[in-house]
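Thanks for coming, everyone. Please have the model open on your screens, and we'll walk through it together.

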Amino acid sequence: MFSIGDLVVHPMHGAGVIDNIIQEKVAGVTKEYYVFKMPMGGLVLKIPVANSGAIGVRAIITPEEAETLLDAIPALTVEANTNWNKRYQENMLRLKSGDLYEVARVVKALMHREAQRGLSTGERKMLHIAKQIMISEIVLAQNSEYEDVERRLDRAMMQLPVPM
């Protein structure tokens with residue numbers, strides 16, 4: 001269970017802080033909810049405490065883990081599935097996993113595809129979301145500026161991938 005002030009990550013929204021823990025009555029049943037607030041973008045979510053583990057809410061990584069991730073990005077392998085639908089579904093599963101290395105693979109694959117062929121509207125949106133997820137967590141983990149983290153991430157991502 002998390003406490004007010006804890007820095008956490010929602011797999012599909014990125015990193016933020018537990019702003020409050022409230023009780024609300026829904027359909028006659030009183031449940032506890034985390035009030036999750038994202039510093040970037042100002043998004044506020046209510047996450048059921050009982051379901052937070054199943055959703056994939058977790059504590060943010062440490063500053064050292066963030067540095068290790070950024071250093072590992074150039075060596076990450078990416079897949080180049082030519083079927084748009086299959087590629088989109090695989091990338092969505094990676095995002096939902098909450099694993100930052102899987103999210104990094106999505107970002108890297110889409111950035112390289114964009115540089116080579118361009119992206120569809122759906123993939124462009126997915127790239128934006130995946131980058132926001134990564135950047136938001138690294139910013140909070142390392143207490144860094146958004147622009148600095150984005151620059152470092154872009155530089156690491158555009159190094160040539162190791163083909164699978």
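Start with Asp 148. Its relative accessibility is 37%, which makes Asp 148 partly exposed. One caution before we go on: this is a predicted model.

So who is the partner? The side chain of Asp 148 meets that of Arg 151 in a salt bridge, 2.6 Å from N to O. Arg 151 is partly exposed too, with a relative accessible area of 47%. Both residues lie in helix H6. They are three residues apart, about one turn of the helix.

Which residue forms a salt bridge with Glu 150? Lys 131 does, and here the closest N and O atoms are 3.9 Å apart. For a salt bridge the cut-off is 4 Å, so a pair at that distance still counts. Lys 131 lies in helix H5, residues 121-142, while Glu 150 lies in helix H6, residues 146-157. The pair therefore ties together parts that are 19 residues apart in sequence.

Now the surroundings of those two. Is Lys 131 buried or exposed? It counts as buried, at 12% relative accessibility. The cut-off for buried is under 20%, so a value of 12% qualifies. Glu 150 is partly exposed, at 26%. Leaving aside residues up to four places away in sequence, Lys 131 touches Val 107, Glu 150, Leu 153 and Asp 154.

A quick check on H5 itself. The helix has 22 residues. At 1.5 Å a residue, H5 should span 32 Å. Just after H5 comes Asn 143, with a positive phi of about 50°.

Back to charges. How many salt bridges does the structure hold? Ten. Here is another of them: Arg 94 with Glu 102. Their closest N and O atoms are 3.1 Å apart. Arg 94 is buried, with a relative accessible area of 16%. Glu 102 is partly exposed, at 22%.

Next, helix H3, which covers residues 84-97. Find Asn 91 there. Asn 91 is buried, with a relative accessible area of 5%. What does Asn 91 touch, not counting residues up to four places away in sequence? Val 106, Leu 110 and Met 126.

A pair of aromatic rings is described by two things, the distance of the centres and the angle of the planes. The count comes to two aromatic pairs. One of them is Trp 84 with Tyr 88. The centres are 5.2 Å apart, with 20° between the planes. Planes under 30 degrees apart count as stacked, so this pair is stacked. Trp 84 and Tyr 88 are four residues apart in H3, about one helical turn. Trp 84 is partly exposed, with a relative accessible area of 36%. Tyr 88 is also partly exposed, at 25%.

Last stop, the strands. Strand S1 is residues 7-10, and strand S2 is residues 14-26. They run antiparallel, joined by four bridges. His 10 stands opposite Gly 14 in S2. S1 and S2 form a hairpin, with three residues between them.

Then follow S2 along to strand S3, residues 29-37. How many bridges join S2 to S3? Nine, and these strands run antiparallel as well. Val 26 has Val 29, in S3, as its bridge partner. S2 and S3 make a hairpin with two residues between the strands. Look at Ala 27 in that hairpin: it takes a positive phi near 55°.

First, the link from H5 to H6 through Lys 131 and Glu 150. Third, the stacked rings of Trp 84 and Tyr 88. And keep in mind that the model is predicted. Over to you for questions.

Note on methods: Residues numbered from 1 in each chain as written. Predicted model: local features only at pLDDT ≥ 70, side-chain atom pairs only at ≥ 80, totals over all residues. Heavy atoms only, no water. Buried < 20%, exposed > 50% of the residue type's maximum accessible area, 1.4 Å probe, protein only. Contact = heavy atoms within 4.5 Å. Pairing = 2+ DSSP bridges. Expected span 1.5 Å × (residues − 1). Phe/Tyr/Trp six-rings, centres within 6.5 Å; stacked < 30°, edge-to-face > 60°.
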